Amino acid sequence: MVRLDRLIEELVTANRILAREGVVDSFGHVSVRHPDNPQLYLLSCSRAPDCIENDDIMAFALDGAPVDARGRAPYLERFIHGALYEARPDVTSVVHNHSESVIPFGVTGRKIKPIFHLGAGIGKDVPVWDSHDHFGDTALLVESMEMGRDLAKLIGAGATALMRGHGATVASKSIRQAVFISVYLEVNARLQKQAMEMGEVKFLTAGEVDKVASRTGPYGINRAWENWCRRAGRSFEADEA
Ligand SMILES: [Zn+2]
């Protein structure tokens, strides 16, 4: 129970950090796989991330069915999370956002690529999921498992996908990693746009992305997390994992 309580606390902190760092606004969400049952995940009820409290966190089956709703309304797009947990046993946390600077890269055909070391976590090849390809005219929201699975298929073994005219989704092995990638996906998009305006861009090489990935661990993540916790007014605990 202590483990679950701590994880819920961490999930609330992740929501507040994503809001404070400008990755989510009134929309967007972050989930974590249930520590005691891999067929469940934890996600807030439908609320702006900066407003989320511990009691807002609900458990869902992978198909998106709430375990004990107690009158709380779930997010419409929760299927993104379940579909990724279903497809990827290695994934423990998922962030879905409408991070502003990434939107242009989802609609122009200009690929987003790691432009600096902290952006390496987005991956060497970030695909763009276009809901129109298989679902035609929709409200662009991922409102079914069918759509969630289609998105998960495109992400494959990767960490990140952009979503045309909508946002981005990040899948990773921990809440902190997923938040870290999401924050630097937004920063990378901003910097890449600036660099492209200046001229030819030399992106990180595939080998450089691998080297950065091999060195990304608690040393750097804890340092960022402590800083982000302070900025978001949340207490910090170092993570050994
Ligand atoms: Zn969305």
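At 25% relative accessibility, His98 counts as partly exposed, a class that lies between buried (under 20% relative accessible area) and exposed (over 50%), as judged with a 1.4 Å probe on protein chains only. His166, by contrast, counts as buried because its relative accessibility is 8%. The model described here is predicted, so that local features need pLDDT of at least 70 and side-chain atom pairs count only at pLDDT 80 or more, whereas totals for chains, interfaces and linings use all residues. Residues are numbered from 1 along each chain as its sequence is written, and side-chain values use heavy atoms, with hydrogens and water left out.

Both histidines belong to the zinc site, in which the ion is coordinated by Glu77 (OE), His96 (NE2), His98 (NE2) and His166 (NE2) at 2.0 to 2.1 Å; donors are N, O and S atoms within 2.8 Å of the metal (3.2 Å for Na, K and Ca), and sites may look incomplete because water is not among the atoms. The four donor atoms subtend angles of 98 to 134 degrees around the zinc ion, which makes the arrangement tetrahedral, a label given to four donors if all angles lie between 85 and 135 degrees. For comparison, the ideal angle for four tetrahedral donors is 109.5 degrees. In sequence, the donor residues follow the spacing E-x18-H-x1-H-x67-H. His98 lies in the loop between β4 (93–97) and α3 (103–107) and His166 in the loop between β6 (160–163) and β7 (167–172), so the pair ties together parts that are 68 residues apart in sequence; helices (H or I, at least four residues) and strands (E, at least two) are DSSP runs, numbered from the N terminus.

The strands include an open sheet of seven, with mixed pairing and the order β3-β2-β1-β4-β7-β6-β5, where two strands pair if DSSP finds at least two bridges between them. β3 and β5 (128–129) stand at the edges with a single partner strand each, so one side of each is left without a neighbour in the sheet. Within the sheet, β6 and β7 pair in the antiparallel sense over four bridges, and Ala161 stands opposite Thr169 in β7.

Helix α1 (residues 2–20) has 19 residues and reaches 27 Å from its first C-alpha to its last, close to the 27 Å expected at 1.5 Å a residue, the expected span being 1.5 Å times one less than the number of residues. Among its buried residues are Leu4, Ile8, Leu11 and Leu18. The buried residues of α1 pack against β1 (29–33), β2 (40–44), β3 (57–61), β4, α6 (175–198) and α8 (218–232), contact meaning heavy atoms within 4.5 Å. α1 lies across β1, β2, β3 and β4, running at about 155 degrees to β1; axes are lines fitted to C-alpha atoms, for helices over the stretch in contact, and angles run from 0 to 180 degrees between N-to-C directions. α1 is followed by Gly22, whose phi is positive, near 80 degrees.

Most residues other than glycine have a negative phi.

Note on methods:
Four donors count as tetrahedral if all angles lie between 85 and 135 degrees; four count as square planar and six as octahedral if opposite donors are over 155 degrees apart and all others between 65 and 115; anything else is irregular.
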